[in-house]
Amino acid sequence: MHPHQFERRIIKPPPCKRSPFIDYNEKKVYMSKPEANRLYASVILHGRINEEESPDVDTSVRVIEYGKYFVMVRELANSMKKEGFVLSHVMEVGIQNIMMNLPPDSKKLVMPVRFSVQMQNMELNGKELISRFKKSNRLDRKDMIMFPVLENIDKTKPKIGNHYWIFNVNIRDRRFETLDSWRTLKNKSLDVCARKMVASFRSLWEEHYASSRVSLDEFGLTNIGVPKQNNEFNCDVFALTIANGWEARAVPKFTAEDIPSIRKQLTNTWVENANNKAPWKTILK
């Protein structure tokens, strides 16, 4: 006879051995609700129908419209379908959504993804970039300034060889951070790109915040261990989830198995946002 095997309880490490980046009490929250599943299925269906009717030209209508940002049904469907790659302007909508849902007193700022492209190329004279760094915006009073980075990691594939990751300026803890779901700073291409981002940010800071109490002289470059992809896809969804959840203390707890549910949640959140002026209910009925 074999004794009954009881399920082992989870033993939490003592406080002295706990990582500051893991919330040991956090519960799994990446489960999409039935209404989110239905909306997601409708988006995918309408995108597929339009692609079948007009293979070469996107003739679908706007399903998301946040001021100057808008996304067509087909673009949203192709970005959020399984293993789809989120287009850069769809990523901008995701970033806008993160900013809209932050508390009014939040000291976190997520910059547009297009800024990262300019900063990688050391093109720091753009009007919009300079406008966001003006001292009147008081960036030195933020705890963190986050840049979703769109990096081309395969030069032979200028359109499909792209990868998203997060560069974060952690002012509170006085460090530059890389949060990449595919690589660490031991990877040469990530290290080179991250140092370009650091150099560009330092240049902009010295130009606009030279007299600020926040000095970047002692800021080092640190790799943050975040959840990792198990294939070449989904870096975009990983980046958005990390950007939304990272508060410089606990890394969001999710895995590659959660990505399908997260895709549905993101689609539902973006479409149903109160700031969405597109007639999405009529479009997706």
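This is a predicted model: local features need pLDDT of at least 70, side-chain atom pairs count only at pLDDT 80 or more; totals for chains, interfaces and linings use all residues.
Residues are numbered from 1 along each chain as its sequence is written, and side-chain values use heavy atoms, with hydrogens and water left out.

- Five strands make up an open sheet with mixed pairing, in the order 3-4-5-6-7; two strands pair if DSSP finds at least two bridges between them.
- Strand 3 and strand 7 (220-223) are at the edges with a single partner strand each, so one side of each has no neighbour in the sheet.
- From one strand to the next, the twist averages 25°.
- Strands here are DSSP runs of E with at least two residues, helices are runs of H or I with at least four, and both are numbered from the N terminus.

- Strand 4 (residues 144-152) has nine of its nine residues buried, so it is largely enclosed by the rest of the structure; buried means under 20% relative accessible area, exposed is over 50% and partly exposed is in between, using a 1.4 Å probe and protein chains only.
- In a regular strand, side chains alternate between the two faces of the sheet.
- In strand 4, Met144, Met146, Pro148, Leu150 and Asn152 point one way, Ile145, Phe147, Val149 and Glu151 point the other way, and all are buried.
- On one pairing, strand 4 runs parallel to strand 3 (residues 108-110) over three bridges, with valine 110 partnered by methionine 146.
- Strand 4 also runs antiparallel to strand 5 (residues 162-170), joined by nine bridges, and proline 148 has isoleucine 166 as its bridge partner there.

**Helices 3 and 7**

- Helix 3 (residues 88-100) and helix 7 (residues 235-245) have axes that come within 10 Å and cross at roughly 15°; axes are lines fitted to C-alpha atoms, for helices over the stretch in contact, with angles from 0 to 180 degrees between N-to-C directions.
- That makes helix 3 roughly parallel to helix 7, since angles under 35 degrees count as roughly parallel, over 145 as roughly antiparallel, 65 to 115 as roughly perpendicular and the rest as oblique.
- Met91, Gly94, Ile95 and Ile98 of helix 3 make the contact with Asp236, Leu240, Ala243 and Asn244 of helix 7, where contact means heavy atoms within 4.5 Å.
- Helix 7 lies across strand 3, strand 4, strand 5 and strand 6 (175-179), and runs at about 15° to strand 5.

**Helices 1 and 2**

- Helix 1 (residues 34-53) packs against helix 2 (residues 73-80) at an angle of about 115°, with the axes 8 Å apart.
- That angle makes helix 1 roughly perpendicular to helix 2.
- Tyr40, Val43, Ile44, His46, Gly47, Asn50 and Glu51 in helix 1 meet Val73, Arg74, Leu76, Ala77, Asn78 and Met80 in helix 2.

**The hairpin**

- Strand 1 (residues 62-66) and strand 2 (residues 69-72) run antiparallel, joined by four bridges, and glutamate 65 stands opposite phenylalanine 70.
- Two residues lie between these strands in the hairpin, and glycine 67 in the turn has a positive phi of about 60°.
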